[in-house]
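Please keep the sequence and the coordinates at hand while reading.

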Amino acid sequence: MAVDGAELILSVPDDVLALISAHLRPRDLLALSAASRRLYAALSASDKSWLAQCRRLLPSSLSNLLAWRAAAGGSSLTVCRFLHSVSPLQGLWAHQNPELGNLVAALPGFFSLVAVRAIPQELSPRLLWAPVFEILADADGRPAFLFLHGHHPGSLFPGLLASVNPHANTLLLEAHAPVSSEPSAQFSRLSFGNRRRLLDALVASCRVMLPPELAAAPLFARSDEDLPMLAARREAMLRLHIESSGGMVRRPELEALLGAKKVPPSLPVDSAGERVRLRRSLSAMAGYVRNGLRQMVTRSASANSRSEYADSKHLALDEFLRASESTGLSLRGARLRLSTYRAWPSMHDNRFALYKLTTQVPMPGREYAGLWRGTFGWPPGRPDDERKPGKALFFLLLSYEEDSEGKLLLIATKVLEGTHYVVHPNGSSMFVVRVGEASTEAFPWPTDEDSRSVSIKRCFAGEGIATGYGFRYPGSKPGSLFVLRDGGLAFVWRDNKSVLTLQRLDLEELLRKGERVPTLPPIPNFAYLTKSYSNVFVAIHGSPSCSSSPR
């Protein structure tokens, strides 16, 4: 006898349906629920099916997930909606400045998404990190509430999550006006100086403070004992967001702040009028030359600069403010056209933005893709080894790419460097290996520090970074990548036998066990746009744990 498909599904016990749904994607369950009203009602009421989806999206302890569900009013569907909505924002984000590394990891918090920055440092048992922003869910599980972090542990700066593109590769910090038709497009039309002034004025007006007993609370669960405090912290943050009207600042207050920051230009007082006129003439000539050069550079700009921020006609700041009675902070996950070179995106120095780093998943033939930590020197550095301090910690993102001839390359991109003063530019290729070419070089060291013999599994030929034409344009020298039996990697430069040893890294686990340190002020803490070659974070937490040289 023919049986209707919906009837067959509805006859399945709830536990069996949950087991089946664990092998489906959320979009598959939603498509199934749209097939009929009865299926929609059944799947909406099947909490176990959505709990199975949550376990796929949030692979943590069941107690942690159940605490999330309790915070969502007992609805696994609400939790699943949030996890699915913020999934494009999870992962690694970066900015070019400072050159030592600006690596931000977005990971699940407590019914929230937490973005934290790994601090450049020496190899140590605990990884230093500083919070950047948090995104909380509303009552329906939609990611809506934004909080920027400031230099004080209890300081928060509320705003809204404007939108998230499913394929977002850029996180843009902007100002939004609620009644404006296209607030982000209008904000992008402001000049860089006015965008900076407006964001500074907003954070000066919308600051809220967590209660003292919650200021030092964790941002994510390190154990089940943290869950009650995390729940209390989330409730306090939601209450602060409501009391502050989402961080919206009235136009008169903004205009007063922006007007107070304006400094009237002082006329030169010089008894010799000719010198004043000469100075003005030279200044005008310099401005003419500068504008000409700027036009030449603009014409030859890359594809990245010919985007929404490249509007030649700037919008006046007072015109932007007149569009609404209030303005607030917003975060937008956008998909922009970005050019890349060896897995590193080209980044702008006039956007308050973070850029997504593509993390490849290891697979047969591409086993070494992913994030690795490394140190220079042999034997390899150990986080718990206090006998050999001073080893700079490097984070390298290993990815595969085909060259113009179709040959497979393994590229190690530097994303963090734990030295006092940068040696190689951020995003440099520390080494490039030709996967299909075996090396005939022998490993220089027969034993490790425990006098155990070193066993080599495989060896590839390639080139490692070297001194080139100045800091920005490094060269390369031949070397070999050795795959060790214990799972580690070691790249050895042929000429001087320098060695960079690598171990695979679980960044999320290191951050959960790491140490939180104070942050920069909220705007530079999100996007540090000042060109810097030193560790700008050392002065914040007062730690001397940065090596002067990687070797």
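The model is predicted, and local features require a pLDDT of at least 70, side-chain atom pairs count only at pLDDT 80 or more, and totals for chains, interfaces and linings use all residues. Residues are numbered from 1 along each chain as its sequence is written, and side-chain values use heavy atoms, with hydrogens and water left out.

**Nonpolar cores**

In soluble globular proteins, nonpolar side chains tend to be buried together. A nonpolar core is here a set of buried Ala, Val, Leu, Ile, Met, Phe, Trp, Tyr and Cys residues joined through side-chain atoms within 4.5 Å. Buried denotes a relative accessible area under 20%, exposed over 50%, and partly exposed the range in between, for a 1.4 Å probe and protein chains only. The largest core comprises 62 residues, and Phe133, Leu198 and Phe526 have the most contacts inside it. Helix H7 (residues 76-86) gives the most to this core, namely six residues; helices (H or I, at least four residues) and strands (E, at least two) are DSSP runs numbered from the N terminus.

Contact means heavy atoms within 4.5 Å. Leaving aside residues up to four places away in sequence, the residues that Phe133 touches include Leu113, Leu146, Leu171, Leu331 and Phe526. A second, separate core has 31 residues, among them Leu172, Phe220, Ala353 and Tyr355.

**Aromatic pairs**

A pair of aromatic rings is described by the distance of the centres and the angle of the planes. Rings of Phe, Tyr and Trp (its six-membered ring) pair if their centres lie within 6.5 Å; planes under 30 degrees apart count as stacked, over 60 as edge-to-face and the rest as tilted. The structure holds 16 such pairs, and two of them are tabulated here.

| Pair | Centre to centre | Angle between planes | Geometry |
|---|---|---|---|
| Phe187 and Phe320 | 6.3 Å | 65° | edge-to-face |
| Phe376 and Phe394 | 5.5 Å | 75° | edge-to-face |

The pair of Phe187 in helix H8 (residues 183-188) and Phe320 in helix H14 (residues 317-322) links parts of the chain 133 residues apart. Both Phe187 and Phe320 are buried.

Phe376 lies in strand E14 (residues 370-376) and Phe394 in strand E15 (residues 394-402), 18 residues apart. Phe376 is buried at 5% relative accessibility, and Phe394 is buried at 0%. Ring pairs join Phe376 and Phe394 with Phe431, Phe491 and Trp493 in a cluster.

**Cysteines**

How many disulfides does a search of the whole structure find? The search finds zero, a disulfide being a pair of cysteine sulfur atoms within 2.5 Å. Cys54 is buried at 1% relative accessible area, and Cys80 is buried at 2% relative accessibility.

In helix H2 (residues 14-21), the buried residues are Leu17, Ala18 and Ser21. They lie on the same side of H2 because they cover an arc of only 105° around the axis, the arc being that of the directions from the helix axis to the C-beta atoms.

Ser244 is placed in the loop between helix H11 (227-243) and strand E9 (249-250). Ser244 is buried, with a relative accessible area of 18%. Its side chain reaches the backbone oxygen of His241 at 3.3 Å. Apart from residues up to four places away in sequence, Ser244 touches Pro158 and Val208.

Note on methods: Polar contact = N/O pair within 3.5 Å; in protein donor to acceptor, adjacent residues only side chain to side chain.
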